[in-house]
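These are my notes from looking through one structure, entry by entry.

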Amino acid sequence: VQLQASGGGLVQAGGSLRLSCAASGSIFRINVMGWYRQAPGEQRELVAGITSDGTTNYAESVKGRFTISRDNAKNTVYLQMNSLKPEDTALYYCKQNIVVSTNRYEYHYWGQGTQVTVSS
């Protein structure tokens, strides 16, 4: 199983970006999907998560500005980021908890990280 993240970039404060993360491989089912971020010198933190039934949760700092969604047919999770602030600058990682077809065990997979830079 592999995750491929995309959509990062450089944007001015107040702008928007949409991140995508697609999983491929021997997938039986995907449970929780999420986005994390890590700024230089900081610990990785949860930005948003979404369960298989669509329940979402967000970090307080992004509530009302970011929206997480998923397309189960495409094994893809999205993060729509609006009203971006310079403090949102970080390397963004996707994570998917995937039940693999081979043994029906759940494993946690991470994407490669995509850089989001917000200029003031």
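Charges over rings. I looked up R44 and found its charged end over the ring of W110, 4.6 Å from the ring's centre. For this I counted NZ of Lys or CZ of Arg within 6 Å of the ring centre and within 35 degrees of the ring normal. R18 lies over the face of Y78, and here the distance to the ring centre is 4.0 Å.

Basis of the entries. I am working from a predicted model, in which local features need pLDDT of at least 70 and side-chain atom pairs count only at pLDDT 80 or more, while totals for chains, interfaces and linings use all residues. Residues are numbered from 1 along each chain as its sequence is written, and side-chain values use heavy atoms, with hydrogens and water left out.

Aromatic pairs. W110 came up again when I searched for ring pairs, which link it with Y36 and Y93 into a cluster. The count of aromatic pairs is 3. Rings of Phe, Tyr and Trp (its six-membered ring) pair if their centres lie within 6.5 Å; planes under 30 degrees apart are stacked, over 60 edge-to-face, and the rest tilted.

Salt bridges. Side chains of opposite charge can pair when their charged atoms come close. I took a salt bridge to be a side-chain nitrogen of Lys or Arg within 4 Å of a carboxyl oxygen of Asp or Glu. The search of the whole structure gave 4 of them.

I looked at D88 next. D88 forms a salt bridge with R37, and the closest N and O atoms are 3.0 Å apart. D88 sits in the loop between β8 (76–81) and β9 (90–100), R37 in strand β4 (residues 27–38), so the pair links distant parts of the chain, 51 residues apart. Strands here are DSSP runs of E with at least two residues, and helices are runs of H or I with at least four, numbered from the N terminus.

D88 also pairs with R65, with 2.7 Å between the closest N and O atoms. R65 belongs to the loop between β6 (56–58) and β7 (66–71), so this bridge ties together parts that are 23 residues apart in sequence. I noted that R37, E45, R65 and D88 are linked in a network of salt bridges.

Are these residues buried or exposed? D88 is buried at 1% relative accessible area, R37 is buried at 7%, and R65 is buried at 10%. Buried means under 20% relative accessible area, exposed over 50%, and partly exposed in between (1.4 Å probe, protein chains only).

I then checked K63, which forms a salt bridge with E60 at 2.7 Å between the closest N and O atoms. K63 is partly exposed at 45%, and E60 is exposed at 63%.

Disulfide. I found 1 disulfide (cysteine sulfur atoms within 2.5 Å). It joins C21 to C94, S to S 2.0 Å. The link of C21 and C94 is right-handed, with 55° about the S-S bond. C21 is in strand β3 (residues 17–24) and C94 in strand β9, 73 residues apart. Both C21 and C94 are buried.

I68 lies in strand β7 and is buried at 4% relative accessibility. Which residues does I68 touch, not counting those up to four places away in sequence? Among them are M33, W35, I50, Y58, V77 and L79, where contact means heavy atoms within 4.5 Å. Y78, the residue under R18, is also touched by I68. I68 and G54 are 14 residues apart along the chain, and their C-alpha atoms are separated by 9.5 Å.
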